[in-house]
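Here is a short briefing on ring contacts. Look at the sequence and the structure first, then read on.

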Amino acid sequence: MTPGIYRVHKPVGPTSFSVVQSFLEETRATPGKRVPVCHGGTLDPFADGLLLVLVGQATRLFELLHAVPKTYEAQVVWGTEMDTGDLLGRPTLQGDTALLTPERLDAALEPFLGWTEQVPPATSAKKVGGEPAYRKAHRGEVVELPPSRVYLHSARWLSHDLPRTSRLRLTCRGGYYVRALARDLGRALGCGAHLSTLRRTDIGPWEDPGPQGARVGVHGRELLPWFASRLLTDQEVGALRREQSIPLNPRQPPDWRPPSGFPEPEPLVRGFHQGRLTFLLRERDGGLWGEQELRGGL
């Protein structure tokens with residue numbers, strides 16, 4: 001399997017880790033060095049849509065994926081809050097939905113836009129004492145998670161079937177919990193709410209390939225296209241490996257940009273050698289320095 005990022009459609013039911021396991025089994029079928037594999041941001045079992053699977057040196061790009069927009073479509077069920085935030089949980093609060101209107105729901109979204117503090121669901125993958133919170137919650141332990149700084153770029157209602165359900169489309173930064181947004185909307189409106197469906201349609205420039213089972217590889221110039229790029233000569237690769245700087249230019253602008261107003265990712269530069277992403281570079285003291293080398297290239 002060629003190292004890189006793969007776009008995969010995760011169906012409802014399987015865990016994100018089970019998708020990673022299928023990739024691991026495939027890499028282990030070929031004798032030789034063990035190939036690392038991870039996903040680029042989990043999807044809950046009840047959710048479906050785009051899952052990024054990182055193979056080989058691409059696993060070192062994991063942290064850089066959090067800074068790009070993720071787009072979701074969700075169905076919110078009004079009237080009941082669940083301990084998990086989704087349809088698989090247990091009811092913890094029920095309220096009156098008779099006064100819900102499209103205008104009230106539009107107004108309820110406004111305070112959640114931009115940077116806010118969000119308490120993750122107790123059944124999230126956030127670590128508590130080195131263990132995922134969901135494991136403690138599933139054992140019946142009380143889990144109290146501190147709020148996290150999160151960013152919601154946009155949110156709009158696609159349709160309503162009031163007072164029962166509404167469909168929502170939103171774009172956020174990595175680390176955002178849509179289940180927590182439904183919970184907090186229900187509390188703000190005094191009626192309770194949870195998610196019955198959740199689909200991730202996009203991560204940055206990459207779309208969900210759909211449920212046909214296609215696996216789409218992302219390599220070369222398609223990797224991290226929100227960063228500027230620089231073609232490297234053999235001599236420049238040697239200089240970077242000796243921890244020396246190279247000239248800033250000729251640099252090329254990013255191949256893709258986040259939507260207007262979205263927080264800019266950190267200003268790294270992709271270094272390409274012989275058509276492969278070989279270095280991540282950082283500007284300093286008037287030159288470009290090697291931040292990370294991807295041996296063998298991607």
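What follows covers aromatic pairs and charges over rings.

The model is predicted. It holds seven aromatic pairs. One aromatic cluster is made up of Trp206, Trp226, Phe227 and Trp256.

**Trp206 and Trp226**
- Trp206 and Trp226 pair edge-to-face, with 5.6 Å centre to centre and 65° between the planes.
- Trp206 belongs to strand β13 (residues 206-207), while Trp226 is in the loop between β14 (215-218) and β15 (228-231), so this pair ties together parts 20 residues apart in sequence.
- Trp206 is buried, at 6% relative accessibility.
- Trp226 is also buried, because its relative accessible area is 5% and the cut-off for buried is under 20%.

**Trp226 and Trp256**
- Trp226 has an aromatic pair with Trp256 too, again edge-to-face: 6.4 Å centre to centre and 75° between the planes.
- Trp256 sits in the loop between β17 (251-252) and β18 (268-273), and Trp226 in the loop between β14 and β15, so the pair ties together parts 30 residues apart in sequence.
- Trp256 is partly exposed, with 22% relative accessibility.

**Charges over rings**
- Which ring does Arg215 lie over? Arg215 lies over the face of Phe23, 4.8 Å from the ring centre.
- Arg284 places its charged end over the ring of Trp289, at 4.6 Å from the centre of that ring.

Definitions and conventions
Residues are numbered from 1 along each chain as its sequence is written. This is a predicted model: local features need pLDDT of at least 70, side-chain atom pairs count only at pLDDT 80 or more; totals for chains, interfaces and linings use all residues. Side-chain values use heavy atoms; hydrogens and water are left out. Rings of Phe, Tyr and Trp (its six-membered ring) pair if their centres lie within 6.5 Å; planes under 30 degrees apart count as stacked, over 60 as edge-to-face and the rest as tilted. Helices (H or I, at least four residues) and strands (E, at least two) are DSSP runs, numbered from the N terminus. Buried means under 20% relative accessible area, exposed over 50%, partly exposed in between (1.4 Å probe, protein chains only). A charge sits over a ring if NZ of Lys or CZ of Arg is within 6 Å of the ring centre and within 35 degrees of the ring normal.
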